[in-house]
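Welcome! Here is a short tour for anyone meeting this structure for the first time. Please take a look at the sequence and the model before reading on.

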Amino acid sequence: MSMTDKIRSKEFRAKLAAYVQMVVGCLIGGAAYPLFLVPGKIAPGGLTGLATILNHLFGLPVGMTSLVMNIPLFFLGYRAMGRVFVFRSFVATVLFSVAIDAIALPAATVDPMLGTIFGGLLLGIGLGLIIRGGATTGGTDMIARMVHQRFQFITVGMFLLLIDCCVVLAAACFIGITEALYALICIFVSSKMIDTVMLGLSSNKACFIITNSWERVTQRIFQDLDRGVTHLSARGAYSGMERPVILCVTSPQEVARLKNLVSEEDEQAFMFITDAHEALGEGFTALSGDQ
């Protein structure tokens, strides 16, 4: 296989993975509405939230109503985005809207709090997968970027938050204050799940070590943990001494072994550990670039 064929094959796999994530995300996110959100009259922001309010008032289908409202926004906002992103987003919006109405599942619970939490979880997982696939499910994202281009002081996130707030206020007026408060909880839960899906579930640890015995500690990490090490240039503010800071990413199970070997080499060492949401490359998840 020639180099050109390999590149084309890799690009095809990347596109296929993106669309698979989009389809799965649309199905999962769409299922959140008949299972939890629509029965609980929970309007979780955006145009689908507005469509949920219209469903409560007039019985209009949530998915198709959301799609009808989204299409004009795509025509207005497509210039603010790349063609690939716009096309994927349009496909995802259509699939998501169809999934909401086509997935005819009975309500999973009549408890509004359970519906809020689990509806937010499913919705967040679905939207997170769609975003990982390089798309969104609404033209409001494009309009937000257009507004940001015209008024730089209004960020995209601020504009989208404003839309969500308006939808929640509308829910409070037309459905009820209790349902609007549930909608706020749902928005919070779904946003956290989106972050989790985007950043990954990995609980790997990034360990920073400052020690005078940096050479011995480095060799021990190589030999005992079989992990890579990066030396970061640093200077002590008080002592003025230059010495490297050791950076090593490990699994949670290896942290105790790392602390022990650092202690054995230098009891006066300074060490701090942070979460590494996603570790890609040798020794961890393959860096494939498929997202």
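A patch is built from residues that have over 30% relative accessible area and no salt bridge, with like charges joined within 9 Å and nonpolar side chains (Val, Leu, Ile, Met, Phe, Trp, Tyr) joined within 5 Å. Accessible areas come from the Shrake-Rupley method with a 1.4 Å probe, and for residues only the protein chains shown count as cover. This is a predicted model, in which local features need pLDDT of at least 70, side-chain atom pairs count only at pLDDT 80 or more, and totals for chains, interfaces and linings use all residues. Residues are numbered from 1 along each chain as its sequence is written, and side-chain values use heavy atoms, with hydrogens and water left out.

**On the surface**

- F12, L16, V20 and V24 make up a nonpolar surface patch, and together they have about 370 Å² of accessible area.
- V20 belongs to helix α1, which covers residues 3-37; helices (H or I, at least four residues) and strands (E, at least two) are DSSP runs, numbered from the N terminus.
- With 45% relative accessibility, V20 is classed as partly exposed, a label for values between buried (under 20% relative accessible area) and exposed (over 50%), using a 1.4 Å probe and protein chains only.

**Inside the fold**

- A nonpolar core is a set of buried Ala, Val, Leu, Ile, Met, Phe, Trp, Tyr and Cys residues joined through side-chain atoms within 4.5 Å.
- The largest nonpolar core has 35 residues, and Y33, L37, I53, F96, L123 and I130 are those touching the most other members.
- Two or more residues of this core come from each of α1, α2 (46-58), α3 (62-77), α4 (83-102), α5 (112-132), α6 (140-150), α7 (156-174) and α8 (177-199).
- A separate, second core holds 11 residues, including V217, L258, L261 and V262.
- Setting aside neighbours within four places in sequence, I53 is in contact (heavy atoms within 4.5 Å) with A43, V167, A170, A171, F174 and I175.

**Two residues and their neighbours**

- F85 sits in helix α4 and is partly exposed at 21% relative accessibility.
- Beyond neighbours within four places in sequence, F85 is in contact with G134, A135, T136 and D141.
- S213 is placed in the loop between β1 (204-210) and α9 (214-225), and at 12% relative accessibility S213 counts as buried.
- Apart from neighbours within four places in sequence, S213 is in contact with E265 and D266.

**Cysteines**

- The whole structure contains zero disulfides, a disulfide being a pair of cysteine sulfur atoms within 2.5 Å.
- For C26, the nearest cysteine sulfur is that of C186, 17 Å away, and C26 is buried at 1% relative accessibility.

**Salt bridges**

- There are seven salt bridges in the structure, each a side-chain nitrogen of Lys or Arg within 4 Å of a carboxyl oxygen of Asp or Glu.
- D275 and K205 form one of them, with the closest N and O atoms 2.4 Å apart.
- Because D275 lies in strand β4 (residues 270-276) and K205 in strand β1, this pair ties together parts 70 residues apart in sequence.
- D224 pairs with R220 at 2.8 Å between the closest N and O atoms; both lie in helix α9, four residues apart, about one turn of the helix.
- E242 and R235 also meet through their side chains (2.6 Å, N to O).
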